[in-house]
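Me: I have a new structure open and would like to learn how to read it. Could you take me through some features one by one?

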Amino acid sequence: MQEEIKEIEKEFLEEVKKISSLKELEVLRAKYLGRKGVLSGFFSRFSQVDVSQRAILGEVLNSFKERVQSVIKDIEERLERTAQEGGELDVTLPGVSFNRGVKHILTQTIESILSIFETLGFVVVEGSEIETEYYNFTALNIPPEHPATEAFHTFYLSTEATTTKNRGLEELKCSPGRYLLRSQTSTLQVRIMEQFKPPLRVVSPGRVYRPDATDASHSFMFHQIEGFAVGEKVKFSDLKGTLFAFAQRFFGKEIKMRFRPHHFPFTEPSVEVDISCIICKGKGCSVCGRKGWLEILGAGMVHPRVFYSAGYPSGKYRGFAFGMGVERIAMLKYGIDDIRLFFENDLRFLRQF
């Protein structure tokens, strides 16, 4: 009889699929739960079953009855709701819409920048946000007396460190020094050069930390993208061509670019890079301070002492490096005048992008 019940249950489930009205449902209910229905027929035969099997069979029958009642009740509630809402289900009506989320504007900016450099032959490598004093300063030719190494310019975490780990790289041995939250993504330069031989083309995005007072243009945490290339014949003109290609693809083909002399400890010569104002097209406006130019990043040729820290033979390789603040790039492109807007999670701001 148990096999017979299983077959009847399969038939019931097939018939349920065809129900489209309360009238059809009532006929189905009578067929299985009525006084002369299928279940009553099984119970009437109960006395014919061996006494030792009655308990098992009774449990199977009751379970089947409960499932039938539950399914019929669910269908009845659904059909009643449909009737109250104006009749049968109209499959041609538009569905229920849901709010669709998008990536944060900073994430969009980072991905856009990285995509451009990937087409130029660069590889993306992400590094640890916790670094040692050696890789954050010393290896980059930043001396101990430099203001950037002071506690009021850097978040120090502990007194000593022997090892650290970069995502995407093997565990690397570090020189002793203090742990800190990295203040620049340039920390990956020497780490990667220690592990890989030229030619190299790398861009590294990520968060960096500096104990700055928060205002319209400063934050204690922000995002940077560092890039560098190393080879035997890398020239300053390669740097210029790379950055010009990036700027035109990101800001538009009509922009102009200029390089101004500057100083960074880890590059020599060093430059700051400006583009013509994307608002006034170089004519002068409030955004560019009436100058017609907007600073977008710093760059230069890799300093020989950085190659020395990486263990490269003296004079064999040359390279260029550049670094940009993602928030600044996004603010310039989209006309945003306060860096705090990126981190306040105000949907009125975020939905614009």
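This is a predicted model: local features need pLDDT of at least 70, side-chain atom pairs count only at pLDDT 80 or more; totals for chains, interfaces and linings use all residues.

Me: Where does Gln189 sit, and is Gln189 buried or exposed?

Reply: Gln189 belongs to helix 7, which covers residues 188-195. Its relative accessibility is 1%, so Gln189 counts as buried, the cut-off for buried being under 20%.

Me: How many residues of helix 7 are buried?

Reply: Helix 7 is mostly covered, with 6 of its 8 residues buried. Those residues are Leu188, Gln189, Val190, Arg191, Ile192 and Met193.

Me: Phe228 was among the contacts of Gln189. What surrounds Phe228?

Reply: Phe228 is part of strand 7, residues 221-231. With a relative accessibility of 2%, Phe228 counts as buried because the limit is under 20%. Apart from neighbours within four places in sequence, its contacts are Phe122, Gln189, Ile192, Met193, Leu200, Arg201, Val202, Phe320, Ala321 and Phe322. Notice that Gln189, Ile192 and Met193 in this list are also among the buried residues of helix 7.

Me: How far apart in space are His262 and Lys283?

Reply: Their C-alpha atoms are 24 Å apart, and the two residues are 21 residues apart in sequence. His262 is in strand 8, residues 257-264, and counts as partly exposed because its relative accessibility is 39%. Leaving out neighbours within four places in sequence, His262 is in contact with Ser270, Val271 and Glu272.

Me: How should I describe a pair of packed helices?

Reply: Two packed helices are described by the angle between their axes and the distance between the axes. Take helix 1 (residues 2-16) and helix 2 (residues 22-33): their axes come within 11 Å and cross at roughly 170°. Angles over 145 degrees count as roughly antiparallel, so helix 1 and helix 2 are roughly antiparallel to each other. Helix 1 contributes Ile8, Glu11, Phe12, Glu15 and Val16 to the contact, while helix 2 contributes Leu28, Lys31 and Tyr32. By class, the residues of this contact are 5 nonpolar, no polar and 3 charged.

Me: At what angle do helix 5 and helix 10 cross?

Reply: The axes of helix 5 and helix 10 (residues 326-334) cross at roughly 95° and come within 10 Å. Helix 5 is therefore roughly perpendicular to helix 10. Ile105, Leu106, Thr109, Ile110 and Ile113 in helix 5 meet Val326, Glu327, Ile329, Ala330 and Tyr334 in helix 10. The classes in this contact are 8 nonpolar, 1 polar and 1 charged.

Me: What should I look for in the backbone?

Reply: Most residues other than glycine have a negative phi, and most peptide bonds are trans. In this model, the peptide bond from Pro198 to Pro199 is cis, with omega near 5°, and Pro199 is in the loop between helix 7 and strand 6. The peptide bond from Glu268 to Pro269 is also cis, with omega near 0°; Pro269 lies in strand 9, residues 267-276.

Me: Which residues have a positive phi without being glycine?

Reply: Asn141 is one of them, with phi near 65°. Asn141 is in the loop between helix 6 (133-136) and strand 3 (161-164), and counts as buried at 18% relative accessibility. Asn345 has a positive phi of about 60° and lies in the loop between helix 10 and helix 11 (347-350). Its relative accessible area is 57%, so Asn345 is exposed.

Methods
Residues are numbered from 1 along each chain as its sequence is written. Side-chain values use heavy atoms; hydrogens and water are left out. Helices (H or I, at least four residues) and strands (E, at least two) are DSSP runs, numbered from the N terminus. Buried means under 20% relative accessible area, exposed over 50%, partly exposed in between (1.4 Å probe, protein chains only). Contact means heavy atoms within 4.5 Å. Axes are lines fitted to C-alpha atoms, for helices over the stretch in contact, and angles run from 0 to 180 degrees between N-to-C directions. Angles under 35 degrees count as roughly parallel, over 145 as roughly antiparallel, 65 to 115 as roughly perpendicular and the rest as oblique. Ala, Val, Leu, Ile, Met, Phe, Trp, Tyr, Cys and Pro count as nonpolar, Asp, Glu, Lys and Arg as charged, and the others, Gly among them, as polar.
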